[in-house]
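Q: I have a model open and want to learn how to read it. Can you take me through it feature by feature?
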Amino acid sequence: MNVLQSVKNLVRSKSIHVAYVDVGSCNGCDIEVLACLSPRYDIEQYGIYVHNNPREADILLVIGAYTPGWEEKLHTLWEKIPDPKVAIAVGNCPISGCLFNRPHSLIDPPVSKHIPISAEVPGCPPRPTEILTAVLSVAPIVFKDYEVSKR
Amino acid sequence: MKRTVDVSVPLGPIHPCFKEPARVKCETKGEYVLSAEVELGYMKKGIERIMRGRPWQEVMFLAERVCGICSVIHNMVFIEALEQISAISVPERAALLRVIANELDRMQSHILANFSYCYTIEHETLGMYLLDVRERVMDELERITGARVTCAYIVPGGVRFDIRSQDVLHLRANLAAIEGEVTRYMRMFESGPLIGLRSKGVGILTREAALEAYAVGPTARASGMPDIDRRLRHPTYKTLGFTPVSRTEGDNYARIMVRFQEVLESIAIIRRCLDLLPVGPIRGGGIPGIGEIAYSGEAPRGELSYYIKTDAAGRVVDISIQTPSIMNIEACCHYMLKGVPSLADVSSTFVSADPCIACTER
């Protein structure tokens with residue numbers, strides 16, 4: 001491993017930028033993601049910053065059960081995020097549609113049909129600590145030695 | 001008449017300040033906003049379509065997930081409508097416990113709304129203080145109901161869990177701490193000179209405009225309409241004797257201050273409930289039957305109405321929900337945003353109306 005790669009590894013482990021997108025949830029998971037920002041859970045002490053800007057994000061938190069309004073838009077959003085990138089599904093909705101996945105509903109779960117999902121956090125809604133754990137455990141696997149493993 | 005429009009600026013659906021996807025299109029002349037319109041349709045799941053033809057035991061959980069922020073009030077209004085249909089009576093202790101859970105939910109929702117506003121005007125310190133207080137409220141909600149967000153606490157004829165004596169002590173101690181902190185932050189918000197510059201006189205909704213737009217909840221109460229509070233007509237709240245908060249300015253500052261004052265009001269209501277709490281059962285029992293009713297209650301954002309029609313087996317034949325946010329979003333776009341001095345104030349004015357897109361579109 002060269003020096004540049006080790007510098008990249010060090011920097012990437014301390015600056016993970018997160019964007020979140022709500023593709024049709026009940027809002028419960030949104031406020032649990034927001035609760036991660038609070039001083040009690042303090043997501044920034046791990047070097048994770050929530051800016052909600054896809055163009056500078058590393059991790060996309062996908063919340064919700066994929067409504068028709070997001071066709072094409074979610075894929076465009078995913079392409080705007082620069083490499084290396086990861087999408088994490090937060091809550092039951094993006095995994096299975098939760099209790100909205102019934103006859104006559106308009107949703108189209110799972111979200112993994114539409115963009116590649118790397119990790120899933122089940123729960124309705126998951127606790128802020130669980131969201132935090134998922135982000136922290138996925139980040140080193142994907143971002144460490146990214147250029148080496150890509151080859 | 002021909003209008004001179006410089007730029008048409010779209011905000012959203014992904015925007016750093018919006019929690020949920022919504023698109024606000026502003027027609028501007030320079031920075032001055034001439035008109036705005038909102039484009040929804042990113043969250044439509046069709047909950048009412050799923051609800052039709054299902055037993056009330058399932059619809060209860062779906063009703064709670066109409067909105068994740070104010071889930072307790074959706075649960076409460078749906079169950080109380082069922083109780084009205086089938087003449088199920090509620091023990092007094094359960095009625096007061098419902099009020100306690102509902103007011104805790106209102107507190108966390110208002111504190112979250114004020115956090116969003118402070119975050120949007122880039123006063124992140126005050127925002128983080130508020131989020132810290134909110135965690136204390138969430139703790140109490142979890143201790144009483146068993147879950148942080150979707151708790152399904154209220155069932156026909158009563159509530160799910162009783163409150164233990166040590167929980168009451170804990171709740172009282174935490175309420176005292178929350179009251180002290182919220183009062184301090186309210187004073188910080190009142191006296192902050194930069195906050196005043198960003199908030200006072202921005203996004204004014206006059207009383208006439210609020211009446212015209214049918215604004216509800218804290219948005220209407222900040223424009224001098226205290227009678228809009230549906231809690232004044234609720235049988236349990238009537239015995240608690242509270243007076244709704246109202247202000248007359250109608251700007252962003254007034255809307256945030258109304259929410260701060262309502263948090264303090266909610267603390268007083270919970271204390272009164274704890275004083276009155278009698279010893280007795282928490283579930284009376286009863287089976288929902290056939291009937292039809294339109295019933296409304298006061299959600300953190302305003303008046304929430306349910307129309308329910310059930311059959312003899314307790315299945316929901318027809319249901320329609322009217323949530324408060326749609327009124328406030330319309331009032332925001334057509335009255336508040338018109339004449340906002342700069343584009344930076346568009347997002348903060350939109351957030352000050354506390355829009356909840358998930359329950360608007362369902």
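A: Start with how helices and strands get their names. Helices and strands are DSSP runs, numbered from the N terminus. With those labels, Tyr214(B) is placed in the loop between α8 and α9 of chain B. Keep in mind that this is a predicted model.

Q: Is Tyr214(B) buried, exposed or partly exposed?
A: Count C-beta atoms around it. A residue is buried if 20 or more others lie within 10 Å, and exposed if 12 or fewer do. Tyr214(B) has 15 other C-beta atoms within 10 Å, so it is partly exposed.

Q: Where does Ala152(B) lie, and what is its phi?
A: Ala152(B) lies in the loop between α5 and β5 (154–155) of chain B. Its phi is near 45°, a positive value in a residue other than glycine. Ala152(B) counts as partly exposed, because it has 18 C-beta neighbours inside 10 Å.

Q: Which residues does the cis peptide bond with omega of about -5° join?
A: That bond joins Pro109(A) and Pro110(A). Pro110(A) sits in the loop between α4 (92–96) and β5 (119–121) of chain A. Another cis bond runs from Cys124(A) to Pro125(A), with omega near -10°. Look for Pro125(A) in the loop between β5 and α5 (128–143) of chain A.

Q: How many helices and strands does chain A have?
A: Chain A has 6 helices and 5 strands. In sequence order, the pattern is α-β-α-β-β-α-β-α-β-α-α. The radius of gyration of chain A is 16 Å, close to the 15 Å that the globule rule gives for 151 residues, so chain A is as compact as a globular protein of that length. Its C-alpha trace spans about 55 × 35 × 20 Å along the principal axes.

Q: What share of the residues in chain A is buried?
A: Buried residues are 45% of the 151 in chain A. Now take contacts between residues at least 6 apart in sequence. In chain A, 83% of these join residues at least 24 apart.

Q: How many helices and strands does chain B have?
A: Chain B has 14 helices and 9 strands. Its radius of gyration is 21 Å, which agrees with the value near 21 Å for a compact globule of 362 residues. The C-alpha trace of chain B spans about 65 × 45 × 35 Å along its principal axes. Of the 362 residues in chain B, 52% are buried. Among contacts in chain B between residues at least 6 apart in sequence, 71% join residues at least 24 apart.

Q: At what angle do α5(B) and α6(B) pack?
A: Two numbers tell the story. Two packed helices are described by the angle between their axes and the distance between the axes. For α5 (residues 124–145) and α6 (residues 165–191) of chain B, the angle is about 160° and the axes are 10 Å apart. Angles over 145 degrees count as roughly antiparallel, so α5(B) and α6(B) are roughly antiparallel to each other. Their crossing is left-handed.

Q: Which residues make the contact of α5(B) with α6(B)?
A: On α5(B), they include Leu126(B), Tyr129(B), Leu130(B) and Val133(B). On α6(B), they include Leu171(B), Asn174(B), Ala177(B) and Ile178(B). By class, this contact has 13 nonpolar, 2 polar and 5 charged residues.

Q: How far apart are the axes of α11(B) and α13(B)?
A: Those axes are 9 Å apart, at an angle of about 35°. The crossing is left-handed. Asn252(B), Arg255(B) and Ile256(B) of α11(B) meet Ser348(B), Thr349(B) and Ser352(B) of α13(B). This contact divides into 1 nonpolar, 4 polar and 1 charged residue.

Q: How many residues does each chain give to the contact between chain A and chain B?
A: Chain B gives 31 residues and chain A gives 34. On the chain B side, α5(B) provides the largest share, 5 residues. That side has 17 nonpolar, 5 polar and 9 charged residues.

Key: Residues are numbered from 1 along each chain as its sequence is written. Chains are lettered from A and ligands numbered from 1 in the order in which they are written. This is a predicted model: local features need pLDDT of at least 70, side-chain atom pairs count only at pLDDT 80 or more; totals for chains, interfaces and linings use all residues. Axes are lines fitted to C-alpha atoms, for helices over the stretch in contact, and angles run from 0 to 180 degrees between N-to-C directions. Helices (H or I, at least four residues) and strands (E, at least two) are DSSP runs, numbered from the N terminus. Angles under 35 degrees count as roughly parallel, over 145 as roughly antiparallel, 65 to 115 as roughly perpendicular and the rest as oblique. A crossing is left-handed if the near helix is turned anticlockwise from the far one by less than a right angle, and right-handed if clockwise. Two residues are in contact if their C-beta atoms, placed from the backbone, lie within 7 Å. Ala, Val, Leu, Ile, Met, Phe, Trp, Tyr, Cys and Pro count as nonpolar, Asp, Glu, Lys and Arg as charged, and the others, Gly among them, as polar. The radius of gyration is taken over C-alpha atoms; the globule rule is 2.2 Å times the number of residues to the power 0.38.
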